[in-house]
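Here is a short briefing on a protein model. Sheet first, then the helix packed on it.

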Amino acid sequence: MLSARLAADTDADILSHVCFEAGALGCEERESMVIAWFPLQNARTLIQDVNQRLASLLAAGILQGTPSLSTSVIEEQDWHSGWRRFFKPILVDRVFCVRPPWEKTPEPVAHEIIIEPKQAFGTGNHATTWLLLKKIAELGAALPERALDVGTGSGILAIAHALYRPGSRVTACDIDPVAVENAQENAAVNGVAENIALFTGSLPALKQERFPLIYANLQSHIIEPLLPDFYRLTAENGIILFSGILAEEEDKMRRALDDDARWELYEITRRDEWIAMSVRKRV
Ligand code: SAH
């Protein structure tokens with residue numbers, strides 16, 4: 001694991017946003033500073049990415065002064081004092097507890113989801129993931145037998161669906177082969193490997209099937225150009241749960257959905273600076 005300490009004259013949530021965008025698995029916010037954990041693989045590229053993002057925020061006047069970034073490699077055996085202590089169990093109602101293998105569930109829940117923090121996004125401690133886990137928990141018995149998870153990352157949403165809707169079949173994809181590998185491992189650890197069909201790729205590769213429910217925790221600039229594909233792949237009256245949208249992008253997303261005119265936006269849920277949009281396909 002690579003630990004990065006990032007300080008700048010701005011809100012810590014802007015800094016943690018920068019780190020998550022660059023691929024951090026977790027961030028701890030302090031005043032005007034964050035400590036973020038990155039997978040060691042591709043560390044150099046990740047840090048370049050953080051630096052580039054900082055440079056554009058500086059250019060846009062969002063950061064003042066010169067941000068400072070320092071990194072250190074954390075050995076696995078330092079875990080008791082290091083990054084592992086940050087990955088705590090995450091509760092979603094009484095339905096899910098997402099936890100790393102070394103933690104215990106603090107209170108009884110319907111399903112535990114065990115996720116080892118590795119390269120893929122989706123350890124449960126990001127608001128965008130939490131918003132969709134909450135929707136899954138609320139849907140409960142209304143969860144359909146078939147679902148699609150686009151940008152599955154660690155596989156967390158597909159796993160949650162498969163656990164909460166026994167006998168379901170979830171198709172899950174990611175353009176990142178490392179994520180697909182992680183998702184496969186996590187599906188097996190959680191006993192739902194048979195319920196989840198994974199592939200490396202994205203919506204254009206899906207031809208035949210129409211899905212009554214689609215999860216898409218992707219950023220808005222990725223979602224927008226894919227709207228026609230989303231439409232093609234959603235069953236009649238099917239729904240899509242979009243997440244990964246910043247609150248300040250709400251109007252932009254609303255406009256994209258309105259321009260398309262084929263979607264009914266029926267709910268927005270919020271956590272921190274993030275929103276999730278539930279939309280229904282108009283027939
Ligand atoms: N579903 C997980 C992970 C979300 S992170 C969760 O909710 O926590 C978003 C993931 O989408 C990343 O793993 C990224 O590799 C993947 N991704 C980005 N663009 C994509 C695209 N066009 N099609 C499919 N996956 C994509």
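β2 and β3 (residues 33–38) pair in the antiparallel sense over five bridges. Arginine 30 stands opposite methionine 33 in β3. This is a predicted model: local features need pLDDT of at least 70, side-chain atom pairs count only at pLDDT 80 or more, and totals for chains, interfaces and linings use all residues. Residues are numbered from 1 along each chain as its sequence is written, and side-chain values use heavy atoms, leaving out hydrogens and water.

**Sheet**
- Four strands form an open sheet in the order β2-β3-β1-β4, with antiparallel pairing (strands are DSSP runs of E, at least two residues, and helices runs of H or I, at least four, numbered from the N terminus; two strands pair if DSSP finds at least two bridges between them).
- β2 (26–30) and β4 (64–73) are the edge strands, each pairing on one side only.
- The twist averages 15° from one strand to the next (axes are lines fitted to C-alpha atoms, for helices over the stretch in contact; angles run from 0 to 180 degrees between N-to-C directions).

**Helix α2 on the sheet**
- α2 (residues 43–59) packs on the sheet and touches β1 (2–9), β3 and β4 (contact means heavy atoms within 4.5 Å).
- The direction of α2 makes about 170° with that of β4.
- Glycine 61 follows α2, with a positive phi near 80°.

**Faces of α2**
- Ala43, Leu46, Ile47, Val50, Leu54 and Leu57 are the buried residues of α2 (buried is under 20% relative accessible area, exposed over 50%, partly exposed in between; 1.4 Å probe, protein chains only).
- Those buried residues pack against β1, α1 (12–21), β3 and β4.
- On the other side of α2, Arg44, Gln52 and Ala59 are exposed.
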